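Reader: I would like to learn to read a structure feature by feature. Can we start with charged side chains and then move on?

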Amino acid sequence: MTRRTRFAGRSIAAFAASGVVLSVALSGCGAGQVSQTATQEPAINGVNGNLGDLALRNVHIFATQSGAEIQPGRDVELVFVVTNQSADSSDKLVSVTSDVGTVALTGGTEVPQGGALVVGTPDGQPAPLEAVEPADTAQAKVALKRPIANGLTYDFVFSFEKAGDAKLSVPVSAGESPRRDSLGDSGSHSGGH
């Protein structure tokens, strides 16, 4: 019996040692891997771009589409935010152009140093951002010259007084409102944009 107990003690020790080796081997399987969430972008409707100290964020065409395409002759809203990372120099949005239509800018278009220019009302925001005075609120309306469709992108050129031009492929987004209305304004969303 002594011999059998000693053998059982050795097999338990060997089993425990193999468990330690196995756990070390398995924990090393993920080493050097990039996690899926490390490269995820925020859930926004639009595209982002950078131009020197300026950052264009959540740039999108806001339009409700009822048929296969949004037809020419209709005005749609171009929505975006421009932030200025410069601590000592402001800039100004001079124009926005696109072959899908004529873009009319109204309101203030200055991008203050260390500040932001909000054009349109970002989705999910009931009114322009509180930090922006109503007199400084800008709008961009696109008078369509050709059809556009939700889910596709269209080229727009943003021209700034100092920073120059930035060309972005801008998506069309129906926004949050139709989904919110269809959910009875419950505020719970089951999916992203």
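Author: Start with K167. K167 is exposed, at a relative accessible area of 61%. Keep in mind that this is a predicted model.

Reader: Which residue forms a salt bridge with K167?

Author: The general idea comes first. Side chains of opposite charge can pair when their charged atoms come close. Here the partner is D155, with the closest N and O atoms 3.8 Å apart. That pair counts because the cut-off is 4 Å.

Reader: Where in the chain do K167 and D155 sit?

Author: K167 is in strand β10, residues 164-173. D155 is in strand β9. They are twelve residues apart, so the pair links distant parts of the chain. D155 has 37% relative accessibility and counts as partly exposed.

Reader: How many salt bridges does the count come to?

Author: Two. One of them joins the side chains of R146 and D99, at 3.2 Å from N to O. This pair also links distant parts of the chain, 47 residues apart. R146 is in the loop between β8 (139-144) and β9 (153-160). D99 is in the loop between β4 (91-98) and β5 (101-106). R146 is partly exposed, with 33% relative accessibility.

Reader: Now a backbone feature. Which residue has a positive phi although it is not a glycine?

Author: N58, with a phi of about 50°. N58 is found in strand β2, residues 54-62.

Reader: Is N58 buried or exposed?

Author: Apply the cut-off: buried means under 20% relative accessible area. N58 has 16%, so N58 counts as buried.

Reader: What does the side chain of S86 reach?

Author: The backbone nitrogen of S89, at 3.0 Å. S86 lies in the loop between β3 (75-84) and β4. At 8% relative accessibility, S86 counts as buried. Leaving aside residues up to four places away in sequence, S86 touches D53, Q113 and G114.

Reader: Last, confidence. Where is confidence lowest, and where is it highest?

Author: Begin with the whole protein. Its mean pLDDT is 76, and 59% of its residues reach 70 or more. Confidence is lowest in helix α2 (residues 177-182), at a mean of 40. Confidence is highest in β9, at 98.

Reader: Over which residues does pLDDT stay under 50?

Author: Residues 131-135 are one such stretch, with three contacts in the model beyond four places in sequence. The pLDDT is also below 50 over residues 37-41. That stretch has two contacts beyond near neighbours in sequence.

Note on methods:
Residues numbered from 1 in each chain as written. Predicted model: local features only at pLDDT ≥ 70, side-chain atom pairs only at ≥ 80, totals over all residues. Heavy atoms only, no water. Helix = DSSP H or I, 4+ residues; strand = E, 2+ residues; numbered from the N terminus. Buried < 20%, exposed > 50% of the residue type's maximum accessible area, 1.4 Å probe, protein only. pLDDT = per-residue confidence, 0-100. Contact = heavy atoms within 4.5 Å. Polar contact = N/O pair within 3.5 Å; in protein donor to acceptor, adjacent residues only side chain to side chain.
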